[in-house]
Amino acid sequence: MPETDLKQQLAERFREVNGGHPMTDPDDAYVSAQFVALEELCAVHGREADTVRRLMLEQRLPLPGYLRSDGAEMVPADLFTLADEAGGVDLLEAWFTAHWADPMTGKAEWNAYLSGQYVCLHSVTPTTIQRKDYLTTAIGAAVNEPDTGSVQWSERLHALVDELDTLEPAFTGYDRLRFGGPTSRDTCINAMRARFPRP
């Protein structure tokens, strides 16, 4: 199949998952600073872009995180790292899902990973996914703790928020459209810091 056809198929699949929201100039600038074009990354790693597109369409590698307005498929710079660590693309799913004790949770996280929507992490690995889940849950639960508002509580809360801050990028306006509302940075970092300033 010609590369142009694979690129078109991948763009269609991306829009099926993310919707048809337009990318603005600020979105493009953000994405260009945070991600790399698929063809550029493949050139660096000695891979064929059409082969990688086929793996994405076959749900063996994650979809691009973004489609820039010029059509470039934007992916994380470490796109191939997990497959390499797993021993190859063929072993990636089993390696990835094995990080969760519950097979159903592992499969759900694998599907989320394949969607390309884990743009909420600087580096997408099972470990960072699990840590983000823990932190967002703990931050959300903190407001109901018995000592809410105390100095000790504030220190615990801000330690959680600060750690999440190191894991997450800034996000862009496009993300709020495709996710249908505020991002985890909006709710768990920015809002918490505004609501509960450091003492």
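**Figure 1. Surroundings of Leu-61 in the predicted model.** Leu-61 touches Val-52, Leu-55, Met-56, Phe-80, Ala-83, Val-89, Leu-92 and Leu-114, leaving aside residues up to four places away in sequence. The model shown here and in the views that follow is predicted. Leu-61 belongs to the largest nonpolar core, which has 44 residues. Val-52, Met-56, Leu-61, Leu-79, Leu-92, Tyr-113 and Ile-139 are the residues with the most contacts inside this core. At least two core residues are supplied by each of helices H3 (38–45), H4 (49–57), H5 (81–86), H6 (89–97), H7 (103–114), H8 (126–142), H9 (151–167) and H11 (184–195). The largest share, 6 residues, comes from H9. A second, separate core of 13 residues includes Met-23, Tyr-30, Ala-37 and Val-119.

**Figure 2. The buried and exposed sides of helix H3.** Leu-38, Leu-41 and Cys-42 of H3 are buried. Viewed down the helix axis, the buried residues of H3 fall within an arc of 100° and therefore line one face of the helix. Ala-43 and Val-44, on the other side of H3, are exposed. The cover over the buried residues of H3 includes strand S1 (36–37), H4 and strand S3 (73–75). Gly-46 follows H3 and has a positive phi, near 70°.

**Figure 3. Aromatic pairs.** The structure holds 7 aromatic pairs. In one of them, Phe-96 and Trp-100 have ring centres 5.3 Å apart and planes at 35°, so this pair is tilted. Phe-96 and Trp-100 are both buried. An edge-to-face pair is formed by Trp-153 and Phe-196, with 4.9 Å centre to centre and 75° between the planes. Because Trp-153 lies in helix H9 and Phe-196 in the segment after H11, the pair ties together parts that are 43 residues apart in sequence. Trp-153 and Phe-196 are also both buried. Phe-96, Trp-100, Trp-110 and Tyr-113 form one aromatic cluster.

**Figure 4. Arginine side chains over aromatic rings.** The charged end of Arg-47 sits over the ring of Phe-80, at 3.9 Å from the ring centre. In a second case, the charged end of Arg-178 sits over the ring of Tyr-66, 4.7 Å from its centre.

**Figure 5. Val-161 in helix H9.** Val-161 is found in helix H9 and is buried, with a relative accessible area of 0%. Apart from residues up to four places away in sequence, Val-161 touches Ile-139, Cys-188, Ile-189, Met-192 and Arg-193. Val-161 and Arg-193 are 32 residues apart along the chain, and their C-alpha atoms are separated by 8.0 Å.

Figure 6. The structure holds 18 salt bridges. Asp-147 forms one with Arg-156, and their closest N and O atoms are 2.9 Å apart. Asp-147 is partly exposed at 28% relative accessibility, as is Arg-156 at 38%. Arg-198 forms a salt bridge with Asp-162, the closest N and O atoms being 2.4 Å apart. Arg-198 lies in the segment after H11 and Asp-162 in helix H9, so this pair ties together parts that are 36 residues apart in sequence. A further salt bridge joins Asp-165 and Arg-185, with the closest N and O atoms 2.7 Å apart. Asp-165 lies in helix H9 and Arg-185 in helix H11, so the two tie together parts that are 20 residues apart in sequence. Asp-165 is partly exposed, with a relative accessible area of 24%, whereas Arg-185 counts as buried at 11% relative accessibility. Salt bridges with shared partners join Asp-162, Asp-165, Arg-185, Arg-193 and Arg-198 into one network.

Technical notes:
Residues are numbered from 1 along each chain as its sequence is written. This is a predicted model: local features need pLDDT of at least 70, side-chain atom pairs count only at pLDDT 80 or more; totals for chains, interfaces and linings use all residues. Side-chain values use heavy atoms; hydrogens and water are left out. A nonpolar core is a set of buried Ala, Val, Leu, Ile, Met, Phe, Trp, Tyr and Cys residues joined through side-chain atoms within 4.5 Å. Buried means under 20% relative accessible area, exposed over 50%, partly exposed in between (1.4 Å probe, protein chains only). Helices (H or I, at least four residues) and strands (E, at least two) are DSSP runs, numbered from the N terminus. Contact means heavy atoms within 4.5 Å. Rings of Phe, Tyr and Trp (its six-membered ring) pair if their centres lie within 6.5 Å; planes under 30 degrees apart count as stacked, over 60 as edge-to-face and the rest as tilted. A charge sits over a ring if NZ of Lys or CZ of Arg is within 6 Å of the ring centre and within 35 degrees of the ring normal. The arc is that of the directions from the helix axis to the C-beta atoms. A salt bridge is a side-chain nitrogen of Lys or Arg within 4 Å of a carboxyl oxygen of Asp or Glu.
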